Amino acid sequence: MQFTSKKNYCMIKLNDDISKAMDAESLKLDIQRHLRFTLAKSKYSTTKWDKFRSVALAALDRLHDRWIDTQEYYYDVDAKRVYYISMEFLIGRLLDNMLVNLDILDEVKEALHELGLDYDEVKENEFDAGLGNGGLGRLAACFLDSMATMGIPGYGYGIRYDYGIFEQQIRNGYQIEKPDMWLQFGNPWDVVRPKMLYPVDFYGETMPYTDSDGRLRFKWVNTQKVNALAFDTPIPGYKNDVVNNLRLWKASSSKAIDLQSFSQGEYIDAVRDAQLQENISRVLYPNDKVFVGQELRLKQEYFLVSATMQDIIRRFKKVHDDWRKFPDKVAIQCNDTHPNLAIPELMRVLLDYEGLDWEIAWEITRKSVNYTNHTVLPEALETWSVPLMRNLLPRHLQIIYEINKRFLNQVRDKFGSDVNRVRRMSIISEGEKPAVQMATLGIVGSKKVNGVARLHTELIKKTIFKDFYEMYPDKFINMTNGITPRRWLKQCNPGLSELISKEIGDGWITDLDQLKKIDKKAGDKAFRKKFAKVKRSNKLALIDFIEGEYGMNLNPDSIFDIQIKRIHEYKRQLLVALHTAMLYNRIKADPDADFQPRTVLFAGKAAPGYTMAKLQIKLINSIAEKINNDPDTRDKLSCMFLENYTVSLAERLIPAADLSEQTSTAGMEASGTGNMKFALNGALTIGTLDGANIEIREEVGKDNIFIFGLTDEEVEQKRREGYNPRDYYDSIPELQQVLNQVRDGFFEPDKPDLFHPIIRSLLDEGDYFMVLADFESYAEQQQAVEELYKNEEEWMKKAIHNVARIGKFSSDRTISEYAEHIWEAKKYNPPLKNKKGNNKEK
């Protein structure tokens with residue numbers, strides 16, 4: 001059967017094998033088939049979205065066999081499974097990732113070309129799945145990719161938010177939040193499982209009773225139920241036929257609409273309860289400053305944990321009936337404190353449904369659950385008020401109190417009657433407003449607790465978790481974060497990827513340490529020239545994008561100085577902004593001086609309720625407007641804030657960067673992964689000795705990175721001794737000039753008082769994040785950056801060293817360490833049962 005159109009993209013030739021074959025011709029036919037028979041579109045009705053979706057469906061055809069075979073294989077070998085629970089999965093766009101890992105990207109491009117379509121235009125129609133705020137969710141996405149690539153039976157569990165991280169618009173320099181409509185046309189990648197529906201309970205009360213053996217038991221009764229509906233997304237490994245699973249839960253009402261109310265015209269009442277229940281998965285992380293917001297967020301966390309635990313237990317009980325084997329077949333990883341309710345939830349199931357004794361249930365739980373900490377800031381550790389939890393999750397609070405009672409008895413046994421220590425280590429904080437300390441619960445109830453960079457792990461052992469480390473020294477372990485090289489080099493930087501593969505082969509894609517082979521190429525002038533050509537090509541591509549989106553033309557010969565991350569005071573975008581204003585002042589003071597051209601690019605979102613961070617976005621935009629509209633700065637200095645930072649925007653910015661800004665106050669960034677992505681793509685880092693920057697310096701060499709500022713110990717010492725930011729204001733004339741300009745309305749003449757809160761925070765309220773203390777050191781290192789950049793040969797040598805020596809920071813390495821030291825999980829290579837059509841050759 002054939003259907004021919006003038007455009008050729010709707011010609012159909014049915015073939016039983018085309019949905020499995022990997023060659024361009026079969027892919028072309030499959031794309032056409034989906035366009036006509038799945039989407040029911042003709043040449044007159046086909047939209048850009050339809051073209052993208054037909055390509056996605058063709059990719060899914062090749063994923064589904066592998067997906068099913070992989071899951072069956074895990075059952076066949078009775079594999080131990082890893083369950084990665086995270087409130088965030090910042091997976092971004094998936095088309096490139098799917099095709100790269102299936103190794104059919106070139107074939108799809110060829111197929112689309114034959115159909116008269118451009119792949120780059122088609123893929124732009126995919127929405128970013130913004131199911132995360134930043135690094136936490138992006139790390140989770142990288143880990144899923146690595147687990148699949150390494151053949152580790154891994155499952156991601158999260159929430160299918162109707163609205164992800166908000167869409168950021170910049171209006172008159174201010175951040176405006178709009179709903180993220182990522183699902184307005186549906187998600188072509190996920191498969192709904194309508195029969196995979198679990199009830200999740202809230203509210204009610206606990207009722208004691210005596211079981212048939214005379215033991216005291218409890219029931220959770222009179223609850224309100226919400227259903228959790230499963231949506232599955234395939235996660236393919238790289239060229240290994242492994243496809244793991246990301247399961248996201250959507251809340252649905254457990255009740256039918258009240259037809260009596262509906263028939264009486266009370267439409268709102270009829271659907272109100274259903275809508276309230278479905279709100280649980282409506283939006284990523286509501287503002288939690290008011291009580292209703294807090295309750296909704298706690299509902300989200302328990303909703304995720306309850307549905308996931310039911311699913312884990314269902315899968316375990318398919319094969320096993322001996323609960324003592326549970327830790328041998330299940331490893332649960334809680335990504336930050338948010339999923340730590342997994343501990344009392346697993347205890348509840350084992351006690352209340354499976355009838356196990358406390359001691360056995362507790363042993364199973366503590367051997368199965370692990371907790372990743374992502375912060376060194378005490379105020380960032382999650383807590384829930386006891387009254388809120390008593391109202392929403394009464395049985396869990398009861399279990400937590402029992403866990404706490406038994407734990408504190410162990411503390412007294414080990415350390416004696418140290419009242420202060422007992423108070424500090426209690427899961428339930430004391431005082432007028434008692435609260436459940438979720439990090440403490442995670443430590444007490446888990447097998448392992450890990451930090452995400454060496455400095456971070458050492459800091460939590462010495463500071464916020466010092467008491468617990470003294471009690472459980474073997475429980476704490478470091479797992480330095482990593483990034484997937486499939487997305488963050490092969491996919492986002494094809495020019496550099498191809499250059500490397502031509503020199504050393506493509507083994508680096510799954511063994512990033514092989515990049516060391518190009519280290520010696522830093523001394524090869526011909527290779528440096530090729531490397532520089534790739535970088536310039538990436539910069540020109542970014543320039544074209546920015547000109548198309550913003551109408552602004554940038555200088556490709558300038559330093560592309562980029563800071564992209566969540567807007568937060570501790571990340572110190574303000575430091576970079578003040579330095580940029582200082583550079584502007586230098587140009588104005590002597591417009592004819594020799595000035596190294598620089599383009600400073602910012603991107604990132606501030607939490608909607610974070611007033612200071614949003615004000616700093618406005619300041620950056622005001623500085624940028626002043627600079628960009630001054631003819632004296634033309635081709636010398638540009639500054640831009642790019643709106644609506646997403647994974648896809650990062651994939652444009654990172655390959656084009658010359659300089660990576662990693663400016664957090666020392667001791668405050670747990671790890672960071674942007675630093676790794678930039679270095680992998682040939683950018684040099686300017687940063688503090690914070691998070692993973694320390695380990696990056698060790699790997700790339702201290703001569704190939706620009707380190708500035710106070711260390712974490714020096715930060716603490718300054719605070720103890722009494723830090724006076726005005727000392728720096730008085731002693732650094734260029735800094736004083738910039739701060740006076742900000743204070744006096746130079747950058748915002750119509751509202752001269754607008755930025756006074758920023759100045760107060762720096763000069764009158766202690767400058768907690770040490771912006772002024774680090775300014776001079778930062779400016780000196782920026783001067784060193786400029787001097788080095790003028791010597792292109794030396795700059796490129798150092799850039800190549802960064803790429804060659806960054807292999808440690810592959811998420812494959814991180815996941816290998818998790819598998820060996822925490823999960824005790826094996827790697828598998830499931831055979832693809834149906835190999836027919838697997839070859840690219842026809």
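Which helix supplies the largest share of the lining of the second largest pocket, and how many residues does it give?

Modeller: The largest share comes from α21, with six residues. Helices (H or I, at least four residues) and strands (E, at least two) are DSSP runs, numbered from the N terminus. This is a predicted model: local features need pLDDT of at least 70, side-chain atom pairs count only at pLDDT 80 or more, and totals for chains, interfaces and linings use all residues. Residues are numbered from 1 along each chain as its sequence is written, and side-chain values use heavy atoms, without hydrogens or water.

Stay with that pocket. A pocket is an open set of points on a 1 Å grid over the protein atoms alone, with protein on both sides within 12 Å along at least five of seven lines; a cavity is a set where a 1.4 Å probe fits but cannot get out; lining residues have an atom within 4 Å of a point. The second largest pocket holds about 1,200 Å³ of space, as filled by probe spheres set on points joined across faces, edges and corners. Its lining counts 41 residues, and K109, K123, Q491, C492 and P494 are the closest to its centre. Seven helices each supply at least two lining residues: α3 (95–102), α4 (105–114), α5 (119–123), α19 (485–491), α20 (494–504), α21 (525–550) and α24 (647–656).

Helix α3 also turns up at a cavity. There, α3, α6 (135–149) and β12 (224–236) each give at least two residues to the lining of the largest cavity. Helix α6 gives the most, four residues. The space in this cavity is about 120 Å³. Of its 14 lining residues, L94, N97, A141, D145 and R487 are the closest to the centre. In total, the structure has seven cavities of 30 Å³ or more.

Next, look at strand β25 (residues 684–687). On one side are L684 and I686, on the other T685 and G687, and all four are buried, meaning under 20% relative accessible area with a 1.4 Å probe, protein chains only. Strand β24 (residues 659–662) runs parallel to β25, joined to it by four bridges. Two strands pair if DSSP finds at least two bridges between them. L659 stands opposite L684. Strand β26 (residues 706–707) also runs parallel to β25, with two bridges. There, I686 faces F706. From β25 the chain crosses through helix α26 (residues 693–700) to β26, in a right-handed β-α-β crossover. Right-handed means that, with the strands pointing away from the viewer, the path from the first strand over the helix to the second runs clockwise. The unit of β24, helix α25 (residues 674–680) and β25 is right-handed too.

T688 is buried, at a relative accessible area of 0%. Beyond its neighbours within four places in sequence, T688 touches R572, Q662, T663, S664, A666, N693, I707, F708 and D774, where contact means heavy atoms within 4.5 Å.

Helix α26 also meets α17 (residues 454–462). The buried residues of α17 pack against α26, α27 (712–721), α18 (466–471), β19 (449–451) and β20 (476–478). Those buried residues are L455, H456, T457, L459, I460 and K461.

Y818 is buried, because its relative accessibility is 0%. Y818 and N478 are 340 residues apart in sequence, yet their C-alpha atoms are 9.6 Å apart in space. Outside four places in sequence, the contacts of Y818 are F143, Q333, T372, N450, M479, W823 and E824.

An open sheet comes next. Three strands pair antiparallel in the order β16-β18-β17. Strands β16 (383–385) and β17 (428–429) are at the edges with a single partner each, so one side of each has no neighbour in the sheet. Two bridges link β17 to β18 (residues 435–437), and S429 stands opposite A435.

Last, confidence. The average pLDDT, the predictor's per-residue confidence from 0 to 100, is 93 for the chain, and 94% of the residues score at least 70. Residues 1–15 are below 50, and this stretch has 39 contacts in the model beyond near neighbours in sequence. Residues 286–292 also stay under 50, with eleven contacts beyond four places in sequence.

Methods
Buried < 20%, exposed > 50% of the residue type's maximum accessible area, 1.4 Å probe, protein only.
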